[in-house]
Amino acid sequence: MKFVDAFNITLEKFDITARELSMRSGVTDATISKFRRGNRELKLESIEKILGALPDDAYYYLMTQWANERITPKHLIKLLGVIAQTIEAGEVPAIQFPDTQKPSTSSVLL
């Protein structure tokens, strides 16, 4: 699946508009709308801003949709092993799972 397709599916599923995402990310709504229609490519800086502005559950959903066709169960097992080793080595902070986090704000973008 192309990233733009996963992006569009995610925004639709979480009822996020280009305008709302623009307000949170600092990337213009026109730029986001043109990207969604396939009329514009985004710079890495804009992608990072947009991804950082997504609520956590929308971000994880987007990454899952994008990678879904590319990651086999065998690859997923290897990926999870690398993540576990990295956390055990103290190279990244431990991940908090949804049941230990404060309530999700996925429906509130501001």
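In the predicted model, the buried residues of helix 2 are covered by elements that include helix 1, helix 3 (29–36) and helix 4 (44–53). Helix 2 spans residues 18–25, and the buried positions within it are Ala 18, Leu 21, Ser 22 and Ser 25. Viewed down the axis of helix 2, these buried residues fall within an arc of 105°, so they line one face of the helix. Arg 19 and Met 23, on the other side of helix 2, are exposed. Gly 26 follows helix 2 and has a positive phi, near 90°.

Leu 21 of helix 2, buried as noted above, also belongs to the largest nonpolar core, which comprises 19 residues. Leu 21 is among the members that touch the most other members, together with Phe 7, Ile 16, Ile 32, Ile 50, Leu 54 and Leu 62. At least two residues of this core come from each of helix 1, helix 2, helix 3, helix 4 and helix 5. The greatest contribution is that of helix 1, with 5 residues.

Helix 1 (residues 3–13) also packs against helix 5 (residues 56–67), their axes coming within 9 Å and crossing at roughly 145°. This crossing of helix 1 and helix 5 is right-handed. On the helix 1 side, the contact involves Phe 3, Ala 6, Phe 7, Ile 9, Thr 10 and Lys 13; these meet Ala 58, Tyr 61, Leu 62, Met 63, Gln 65 and Trp 66 of helix 5. Classified by residue type, the contact between helix 1 and helix 5 contains 9 nonpolar, 2 polar and 1 charged residues. Phe 7 and Leu 62, which take part in this contact, are also named among the core members that touch the most others.

Notes: Residues numbered from 1 in each chain as written. Predicted model: local features only at pLDDT ≥ 70, side-chain atom pairs only at ≥ 80, totals over all residues. Heavy atoms only, no water. Axes fitted to C-alpha atoms, helices over the stretch in contact; angles between N-to-C directions. Helix = DSSP H or I, 4+ residues; strand = E, 2+ residues; numbered from the N terminus. Left-handed = near helix turned anticlockwise from the far one by under 90°. Contact = heavy atoms within 4.5 Å. Nonpolar A, V, L, I, M, F, W, Y, C, P; charged D, E, K, R; others polar. Buried < 20%, exposed > 50% of the residue type's maximum accessible area, 1.4 Å probe, protein only. Arc of directions from axis to C-beta. Core = buried A, V, L, I, M, F, W, Y, C linked by side-chain atoms within 4.5 Å.
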